[in-house]
2 protein chains.
Amino acid sequence: MDIPSFVTSILTSLAVFVVLVLVFTWLSRRPGNATVYYPSLLLRGLDPWEGRGRGTRSPVGWIRQAFTASEPDVVAAGGVDAAVYLVFLSSMFAILAFAGIVLLPVLLPIAGTDNALEDSTGRMPSNVTHFEILSLANIEDRSMRLWAFISAVYWVSFVTYFILWRSYKHVSNLRAAARSTSEVKPQEFAMLVRDVPIPPPNQTIKDSVDSYFRALHPDTFYKAMVVTDITKVDKIFQEIEGHKHKIAHAEAVYAESKTANRPEGTRPTHKTGFRGLIGKKVDTIEYCNEQIKELLPKLEDERKSALSEKQQRAAFVFFNSRAAAASASQTLHAQMFDEWTVTEAPEPREVIWANLPRKIYDRHTRQTVVYLIVFVTVAFYMIPITAISAVTTLEKLREKLPFLKVVVDQPFVKTVLQAYLPQIALIVFLAVLPTLLVFLSKSEGIPSQSHVVRAASGKYFYFIVFNVFIGYAIGSSLFSALEKVIKNPTGIFMTLATRLPGTATFFFTFVALRCFVGYGLELSRLVPLIIFHLKRKYICKTEDEVRAAWVPGNLRYNTRVPNDMLIVTIVLCYSVITPLILPFGVAYFALGWLIAKNQVLRVYVPSYESNGRMWPHMHTRIIAALMIYQATMIGIISLKKFYYSTILTPLLVISLIFARTCHARFYPAFAKTPLEVASQQLKETPNMSAIYTAYIPPCLKPEKLEDVQVFEDTQSRTTSRAPSF
Amino acid sequence: MDIPSFVTSILTSLAVFVVLVLVFTWLSRRPGNATVYYPSLLLRGLDPWEGRGRGTRSPVGWIRQAFTASEPDVVAAGGVDAAVYLVFLSSMFAILAFAGIVLLPVLLPIAGTDNALEDSTGRMPSNVTHFEILSLANIEDRSMRLWAFISAVYWVSFVTYFILWRSYKHVSNLRAAARSTSEVKPQEFAMLVRDVPIPPPNQTIKDSVDSYFRALHPDTFYKAMVVTDITKVDKIFQEIEGHKHKIAHAEAVYAESKTANRPEGTRPTHKTGFRGLIGKKVDTIEYCNEQIKELLPKLEDERKSALSEKQQRAAFVFFNSRAAAASASQTLHAQMFDEWTVTEAPEPREVIWANLPRKIYDRHTRQTVVYLIVFVTVAFYMIPITAISAVTTLEKLREKLPFLKVVVDQPFVKTVLQAYLPQIALIVFLAVLPTLLVFLSKSEGIPSQSHVVRAASGKYFYFIVFNVFIGYAIGSSLFSALEKVIKNPTGIFMTLATRLPGTATFFFTFVALRCFVGYGLELSRLVPLIIFHLKRKYICKTEDEVRAAWVPGNLRYNTRVPNDMLIVTIVLCYSVITPLILPFGVAYFALGWLIAKNQVLRVYVPSYESNGRMWPHMHTRIIAALMIYQATMIGIISLKKFYYSTILTPLLVISLIFARTCHARFYPAFAKTPLEVASQQLKETPNMSAIYTAYIPPCLKPEKLEDVQVFEDTQSRTTSRAPSF
């Protein structure tokens with residue numbers, strides 16, 4: 001890739017971004033689009049135009065709002081998780097900005113005035129770009145100027161430690177504040193028990209759980225709810241819900257058909273066979289009502305049988321105080337650890353019911369198998385990626401697909417294509433993976449959604465760093481480099497050191513594309529906008545359907561975080577080699593922070609709250625990125641035949657010690673609930689019955705609250721008897 | 001080393017053993033030696049000759065008693081730790097016995113009938129011993145007979161898994177039984193708190209600890225005792241004790257000097273200077289009494305100042321029930337983990353007071369430094385060991401030390417020396433280390449003796465396996481092998497595979513020496529016997545002094561366990577190469593079990609009780625030994641150019657999975673107290689005041705129990721005020 005195409009690509013990205021921002025400004029002011037651009041406000045019952053009117057009407061109002069919104073506002077809108085994500089973005093911004101403030105004015109002149117790239121006549125060859133002149137590549141071997149680059153690595157590392165330490169502390173306090181509010185949250189009174197042993201024949205599982213915990217926590221035990229196998233009930237329940245939904249839809253269609261000309265209207269019909277394409281034609285409203293009538297008694301039967309006969313060996317145990325629940329969930333209960341394993345309860349809405357009854361050995365086995373699959377995926381995706389980057393030079397494409405010649409030979413098209421083709425291939429390629437990784441993480445037997453997201457995000461990070469960053473950097477120029485790496489894994493940093501400078505422009509373009517086009521699309525929400533309007537026009541008939549069409553998801557941390565982490569890794573690794581990448585990195589995280597804050601305040605609605613448990617995860621991976629950077633820099637500087645490069649080695653040790661210290665100091669409060677926090681006073685006496693009811697899955701929930709007692713009694717065989725242990 | 005010297009050495013060992021056993025039988029029946037051979041019985045107030053009279057009188061009575069004593073007897077005499085050590089010995093015995101039952105009848109004929117060692121004429125060369133013919137060395141390359149050896153490795157591995165699983169379960173139950181007795185043990189009501197934050201200026205540390213825990217455990221908190229700096233008090237206290245001891249001794253000497261001839265006697269005198277050698281001569285009794293009078297008020301002052309002014313940032317917190325203490329010690333208290341870290345309290349008598357106030361970062365730093373030192377020690381002791389084994393062939397010794405020629409050239413002396421010299425060098429060499437390792441482990445900041453013993457034992461294990469086993473096996477023949485290992489650490493198993501068969505006789509002799517001579521000395525207690533009789537005759541004057549001369553120590557697990565582990569590693573590694581080693585291994589652990597049981601029942605007195613926390617430690621190291629064995633066997637069989645040797649690779653994975661499964665299932669109950677166990681009913685209401693008093697260090701202990709309240713009040717500034725938080 002030569003310089004013109006590189007500059008073109010960045011300018012094009014920027015142009016696309018400006019256009020998308022203008023589109024956003026225009027579209028977001030039209031009231032009809034409020035549900036697309038302000039769903040979070042609407043769901044929280046706020047009018048996007050009232051009160052803040054002026055701000056929203058002005059084209060840059062959203063920017064002002066994003067800046068003025070305080071952290072409590074963010075927590076109120078998107079929860080602690082969103083606030084922690086913003087802290088992550090601003091920390092990365094701060095690290096790169098502090099790095100840039102020193103590195104740009106110091107390293108650029110030092111590099112620019114050296115002349116390693118000059119040819120023997122003392123002139124720059126014409127194929128050398130300004131870009132390369134301002135990089136480490138222009139420093140001569142053994143030059144004393146390399147001391148400046150070594151110092152720069154130290155500066156970047158210490159800035160990172162400093163910012164990370166502050167951020168960890170900040171996030172830790174955020175989490176503690178969120179956990180010690182005086183609000184009653186059901187999960188803080190509950191504990192998840194798995195691996196319940198098989199009870200004696202005259203007891204149900206519910207009875208044995210009851211008597212076990214009542215004996216061990218006589219003063220604080222409230223109730224227990226045994227997890228039951230709800231697959232069958234849930235199927236019937238979903239069927240009924242589907243029919244209800246169909247009736248509502250059909251009635252809306254029917255009402256619409258009653259025009260002035262034909263006041264009787266047309267009763268909607270559908271076919272009962274596969275997807276409504278074959279089978280008997282029936283009147284939808286009548287048919288569905290009949291179906292519901294048939295299904296309701298079945299549902300009732302199934303509910304009863306699920307509660308009493310399909311009890312699983314897992315349960316939620318409720319305590320009458322937060323401190324008791326926190327303490328109990330951290331205490332080993334059984335002498336054999338494969339029985340009565342206890343953990344903190346996840347929030348009711350993020351529980352993965354199917355995973356709860358999995359036994360401890362089952363979980364271990366599944367985890368091992370999943371790790372193996374992920375390892376194979378990470379290791380062998382390298383082959384297609386390498387193939388893509390080898391194939392997608394434009395010349396090769398022309399050779400292989402001659403019919404493209406006409407298009408490709410246009411000078412403008414050629415430049416653009418040359419700039420984007422490999423990147424687009426890569427981005428498309430990466431879009432396939434997250435779903436697979438979430439599925440795999442779920443299969444491990446993890447009990448909560450937020451934990452699955454963390455697990456998937458970790459896997460995605462390894463994938464993305466190994467395959468995109470390391471894979472592309474090494475593979476783009478030589479296939480054979482791969483083999484070398486396999487033969488000598490410790491040599492990977494040497495290989496990276498040789499290859500990185502050559503692939504700098506690729507990653508520059510990559511960062512710019514992600515930054516401008518990615519964030520432009522994110523902000524303008526063009527895709528959700530189009531989908532929403534299409535759905536509203538052609539599919540939705542009832543209010544509920546319209547609502548379902550615009551309700552936004554959550555932030556999807558599982559792909560967002562690893563992608564940001566990839567940018568961190570890239571920018572850190574290039575920060576000293578070609579400091580010109582730093583402004584792009586800074587722009588990425590500055591824009592990222594701004595747009596994410598806007599989206600958190602106005603668009604996304606969190607579907608659960610993990611109180612920032614993502615942070616330790618991000619922290620570890622930032623340090624991993626930093627260490628990749630440090631190891632690479634040792635390689636790069638020693639390639640310059642500069643033997644003081646070993647002066648950088650202590651940095652790796654310092655990073656490890658830093659990671660360990662942070663882990664020792666902060667992590668326990670993320671893995672467990674500190675008693676200090678759980679012992680804060682509550683504003684009101686908790687309504688224990690409501691807490692209990694919160695954990696009843698929707699398909700089992702009785703219609704009236706008074707029926708909860710019946711629900712509970714059905715689980716037990718010894719209700720009338722005294723508790724036995 | 002040739003065969004005659006090998007056989008000689010084993011026969012000599014056996015002869016020494018028989019002699020020592022006879023000596024033991026004779027000496028242990030003399031009443032004057034009761035304090036040497038039955039101290040444990042005496043201390044428990046049992047008469048060694050009463051009741052069991054017949055058994056003890058008969059020469060083999062001790063064997064019968066060792067066999068008939070049940071596990072509860074062992075626990076009563078030596079605690080759970082001793083019982084666990086016996087379980088370890090019997091497990092090793094069982095593993096090697098089961099291995100031998102199959103391997104000896106199967107592998108010996110297979111090896112003996114092959115002829116890899118024959119020369120080209122089809123005859124055995126004269127330098128080949130029967131011993132080598134019956135080993136893997138005699139199997140031809142690529143022979144199908146190797147399948148038998150591969151199966152043997154599988155057999156040994158699965159026997160090990162089976163026995164270890166059963167033993168872990170057994171030990172786990174032993175521990176649970178010991179922890180759930182209805183006896184009141186102070187440590188089960190206490191929790192150790194470290195890293196107490198600096199209190200506000202108007203509070204003492206004691207006050208801040210009190211109010212913090214009273215707020216978090218309002219119903220179960222009993223009292224807190226802050227750790228104080230007792231170095232100065234303890235010095236004065238020890239001085240007083242020393243003077244008291246001197247007075248008692250002097251009075252005894254004085255009384256003795258009052259013979260019929262000189263009824264006035266001679267008042268003992270001593271010099272006040274260095275070690276009683278220089279300085280003014282004084283009357284001992286008067287002088288010491290004066291000193292005590294002077295010191296007592298100082299002691300009182302120091303006690304007060306220690307309690308109120310020298311409070312350290314660590315404390316013991318007492319709860320009014322076992323379950324509350326167990327639960328609290330497992331619960332995270334502070335949001336920042338570098339404050340208020342809690343752990344289970346160690347037993348009062350094994351607390352290492354000086355280590356308690358160490359801060360968390362100090363502990364981490366110390367641990368890192370100690371690990372580094374141990375690593376250097378393990379890595380560089382290899383050099384002297386290699387030097388020793390290279391120098392100590394007799395020929396070289398003759399060359400270097402020509403004056404030895406006269407002795408060495410005697411044929412009998414020559415054989416014996418040739419057999420023992422390297423082994424003795426090694427054993428002497430190893431005797432230096434344990435003290436250093438205990439000191440290092442203590443420096444880590446570990447709060448209890450039993451934990452120090454575990455830590456030192458782990459370090460010793462690594463040392464012993466790396467240096468004695470791997471070091472000798474590789475270094476004995478070639479110095480240059482060392483360099484190879486350093487250059488290519490993964491090649492160590494290949495190198496081991498090449499070298500092991502050649503050093504078999506060395507390790508045979510080593511095992512036999514340890515077994516017969518080691519256990520002979522252990523049983524006969526010749527050294528303690530001689531020391532005791534000398535002390536009693538020439539030094540001891542008072543009853544207390546005599547008692548101090550015979551009181552036995554504890555079992556010294558820190559050297560005992562790693563030495564046994566070394567034998568396990570050696571015997572396992574040779575088990576399939578030369579199965580003839582198995583009977584020696586079986587004999588080692590059978591005799592070991594018998595003698596250890598005898599010593600536990602009659603001799604050693606445990607100085608603390610960790611309820612078998614040593615076991616997980618042993619378990620992990622047995623699996624490490626097993627994996628060294630498995631990796632070595634893969635190397636050895638592939639050296640025979642037998643490409644099916646990879647069939648053994650899954651064993652390594654199985655070992656890892658087995659270790660992980662055991663850890664998941666059993667370990668938590670060793671690291672923490674299960675609530676199930678802590679919730680058992682107590683026989684009596686615990687006397688909380690006695691529990692509290694148990695943790696007062698001897699030098700601070702008030703003479704009267706009523707003074708405990710004064711002790712407590714001195715620590716607090718807010719005694720009369722209401723608790724503030």
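The largest cavity is lined by Asp81(A), Val84(A), Tyr85(A), Ser450(A), Val453(A), Arg454(A), Tyr557(A), Tyr608(A), Ser610(A), Met614(A) and Met618(A). The model is a predicted one. The volume of the largest cavity is about 90 Å³. Three helices of chain A, namely α6 (71-112), α18 (449-475) and α26 (614-639), each contribute at least two residues to the lining of this cavity. By class, the lining of the largest cavity comprises seven nonpolar, two polar and two charged residues. Across the whole structure, the search identifies 15 cavities of 30 Å³ or more.

The packing of helices was examined in chain B. Two packed helices are described by the angle between their axes and by the distance between those axes. Helix α22 (residues 504-524) of chain B packs with helix α26 (residues 581-602) of chain B at an angle of about 15°, and the two axes are 10 Å apart. Angles under 35 degrees count as roughly parallel, and α22(B) and α26(B) are therefore roughly parallel to each other. Their crossing is left-handed. On the side of α22(B), the contact involves Phe508(B), Val511(B), Ala512(B), Arg514(B), Cys515(B), Phe516(B), Tyr519(B), Glu522(B) and Leu523(B). These residues meet Ile581(B), Phe584(B), Ala587(B), Tyr588(B), Leu591(B), Gly592(B), Ile595(B), Asn598(B) and Gln599(B) in α26(B). The residues of the contact of α22(B) with α26(B) fall into 13 nonpolar, three polar and two charged.

Helix α26(B) also packs with helix α6 (residues 71-112) of chain B; the axes come within 9 Å and cross at roughly 165°. Angles over 145 degrees count as roughly antiparallel, and this crossing angle therefore makes α6(B) roughly antiparallel to α26(B). The crossing of α6(B) and α26(B) is left-handed. In the contact of α6(B) with α26(B), 22 residues are nonpolar, five are polar and two are charged.

A further pair consists of helix α13 (residues 360-380) of chain B and helix α18 (residues 433-443) of chain B, whose axes come within 9 Å and cross at roughly 160°. The angle of this pair makes α13(B) roughly antiparallel to α18(B). The crossing of α13(B) and α18(B) is left-handed. Helix α13(B) contributes Arg366(B), Val370(B), Ile373(B), Val374(B) and Thr377(B) to the contact, while α18(B) contributes Leu433(B), Leu437(B), Leu440(B) and Ser443(B). The contact of α13(B) with α18(B) contains six nonpolar, two polar and one charged residues.

Ala148(B) lies in helix α8 (residues 146-179) of chain B. When its neighbours within four places in sequence are left aside, Ala148(B) is in contact with Leu107(B) and Ile110(B). Ala148(B) and Val576(B) are 428 residues apart along the chain, yet their C-alpha atoms are separated by 9.8 Å.

Terms used. Residues are numbered from 1 along each chain as its sequence is written. Chains are lettered from A and ligands numbered from 1 in the order in which they are written. This is a predicted model: local features need pLDDT of at least 70, side-chain atom pairs count only at pLDDT 80 or more; totals for chains, interfaces and linings use all residues. Side-chain values use heavy atoms; hydrogens and water are left out. On a 1 Å grid over the protein atoms alone, a cavity is a set of points where a 1.4 Å probe fits but cannot get out, and a pocket is an open set with protein on both sides within 12 Å along at least five of seven lines; lining residues have an atom within 4 Å of a point. Grid points are joined across faces, edges and corners, and a volume is the space filled by probe spheres set on the points. Helices (H or I, at least four residues) and strands (E, at least two) are DSSP runs, numbered from the N terminus. Ala, Val, Leu, Ile, Met, Phe, Trp, Tyr, Cys and Pro count as nonpolar, Asp, Glu, Lys and Arg as charged, and the others, Gly among them, as polar. Axes are lines fitted to C-alpha atoms, for helices over the stretch in contact, and angles run from 0 to 180 degrees between N-to-C directions. Angles under 35 degrees count as roughly parallel, over 145 as roughly antiparallel, 65 to 115 as roughly perpendicular and the rest as oblique. A crossing is left-handed if the near helix is turned anticlockwise from the far one by less than a right angle, and right-handed if clockwise. Contact means heavy atoms within 4.5 Å.
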